[in-house]
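Here are some notes to read alongside the model, written for someone meeting it for the first time. Please keep the structure open as you go through the points.

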Amino acid sequence: MMRLRIGLCLASVFAASLALAQGGTDKRRSGYQDMGPSLQRMQDDGTSNPGMLFVQLGAEAWAGPAGAANKACADCHGASGATMKGVALRYPAIPEGADTPVDLEGRINLCRTTNQQAAPLPAESRELLALAAFVAHQSRGQPIAPPDDPRLAPFLDRGAAIWALRQGQLNLSCATCHDDNAGKKLAGVTIPEAHPTGYPVYRLEWQTLGSLKRRLRNCLVGIRAESYAYDSMEYVMLELFLMERARGMAFEAPAVRP
Amino acid sequence: MANVLINAPKTAKRGEVIEIKALILHPMETGFRPGTNGSIIARNIIERFTATWNGDEIFRIDLSPAIAANPFVSFFAVATDSGTVGLRWSGDEGFQVEESIAITVE
């Protein structure tokens, strides 16, 4: 029954998401618009988007108790996950009582360690991605809305600086490709504008769901630069900058990308 | 644990050709890839997918290591009688998943 409900729900948000993505004078393009119609249909159909398998997994993890506190996510946040609507749109953010930002996966792990008293889930682990996909899916079709928190400004600036920093053996910055040459071809592939509209994303090349961190590492390897460690602040700052850059664009998680 | 998404009509007219689509979570490990320690990761694929309509087999495929993870299967069937369509995946490491859907034929 659950799969049917997801299917119906997806069909209804799809119309909204397209309207948002292509509306008005906004010239920004989501990677969705650069895909062929068959891949777009794969993403939009809740029963052919493999990311939805992970959303189902996430729903199970959401309901299952964990840690010494023996509490499930559902015990505090409600069984349906509806309370998570809009949450993925405003991360990375600075959690209560902290002074540095965390991304969505980081926030889930924070909840695990403090409220569930469980061990944090490893980066890119299936359960963490599934939970992130479940939470992110609740915001499908809504506009990306980073928080207006003045404490984020220095991190945002640092993220913008990393974006513009030439690095690696190819001596390229993120901006070289995704600002200056977006829309042109790189080895037959259209260079996207790099808006993080659908993470965690099901990438056909990976044959699995992956986080924005994994995608950023992919690009760093591509320019022959050394990747940052999975838990490093650089990714969070870059994610913060990218979400700010994509402010107002429609959220598509879990998206499908080639 | 089974994690499956099925897309099929709930009702069909007698004699109508309907499409049944099924997606399943599975790594489809080829058995040709070395792992991080250099030794080959054991093959772990779905070997066979079968579909039955009220117990009669209507569709079957054998899957190969070249098929990507999370295989998506789509096939057509002629709606004859109301009843149950059974979908069954079986493969390496004792992988067995069965799902069924009810279709009403008017």
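1. In chain B, an open sheet of 3 strands has the order β1-β3-β6, with antiparallel pairing. Strands here are DSSP runs of E with at least two residues, helices are runs of H or I with at least four, and both are numbered from the N terminus; two strands pair if DSSP finds at least two bridges between them. β1 (4-7) and β6 (72-78) of chain B are the edge strands, each pairing on one side only. From one strand to the next, the twist averages 15 degrees.

2. Before going further, a word on the model: it is predicted, local features need pLDDT of at least 70, side-chain atom pairs count only at pLDDT 80 or more, and totals for chains, interfaces and linings use all residues. Residues are numbered from 1 along each chain as its sequence is written, chains are lettered from A and ligands numbered from 1 in the order in which they are written, and side-chain values use heavy atoms, with hydrogens and water left out.

3. Back in that sheet, β3 (residues 17-24) of chain B runs antiparallel to β6(B), and 7 bridges join the two. To find one of these on screen, look at Ile18(B), whose bridge partner in β6(B) is Ala77(B).

4. Chain B also holds an open sheet of 5 strands, ordered β2-β8-β7-β4-β5, and its pairing is mixed. β2 (11-12) and β5 (56-62) of chain B stand at the edges with a single partner strand each, so one side of each has no neighbour in the sheet. Inside this sheet, β7 (residues 83-91) and β8 (residues 95-105) of chain B run antiparallel and are joined by 9 bridges. Gly91(B) has Phe95(B) as its bridge partner in β8(B).

5. How many helices and strands does chain B have? The count is 0 helices and 8 strands. Of its 106 residues, 40% count as buried, where buried means under 20% relative accessible area, exposed over 50%, and partly exposed in between (1.4 Å probe, protein chains only). The C-alpha trace of chain B spans about 60 × 20 × 20 Å along its principal axes.

6. Axes are lines fitted to C-alpha atoms, for helices over the stretch in contact, and angles run from 0 to 180 degrees between N-to-C directions.

7. The largest nonpolar core has 40 residues, and Phe54(A), Trp62(A), Leu104(A), Leu131(A) and Phe251(A) have the most contacts inside it. Such a core is a set of buried Ala, Val, Leu, Ile, Met, Phe, Trp, Tyr and Cys residues joined through side-chain atoms within 4.5 Å. In chain A, α3 (51-63), α4 (73-77), α5 (104-116) and α6 (126-137) each supply at least two of its residues, and α6(A) gives the most, with 9 residues. Domain 1 (2-137) and domain 2 (150-257) of chain A both contribute, so this core lies between them; the domain bounds come from an automatic or database domain assignment.

8. A second, separate core has 26 residues, among them Ala12(B), Phe49(B), Leu87(B) and Ile101(B).

9. Finally, the axes of α5(A) and α6(A) come within 10 Å and cross at roughly 110 degrees. That makes α5(A) roughly perpendicular to α6(A), a label for angles of 65 to 115 degrees.

Key
Angles under 35 degrees count as roughly parallel, over 145 as roughly antiparallel, 65 to 115 as roughly perpendicular and the rest as oblique.
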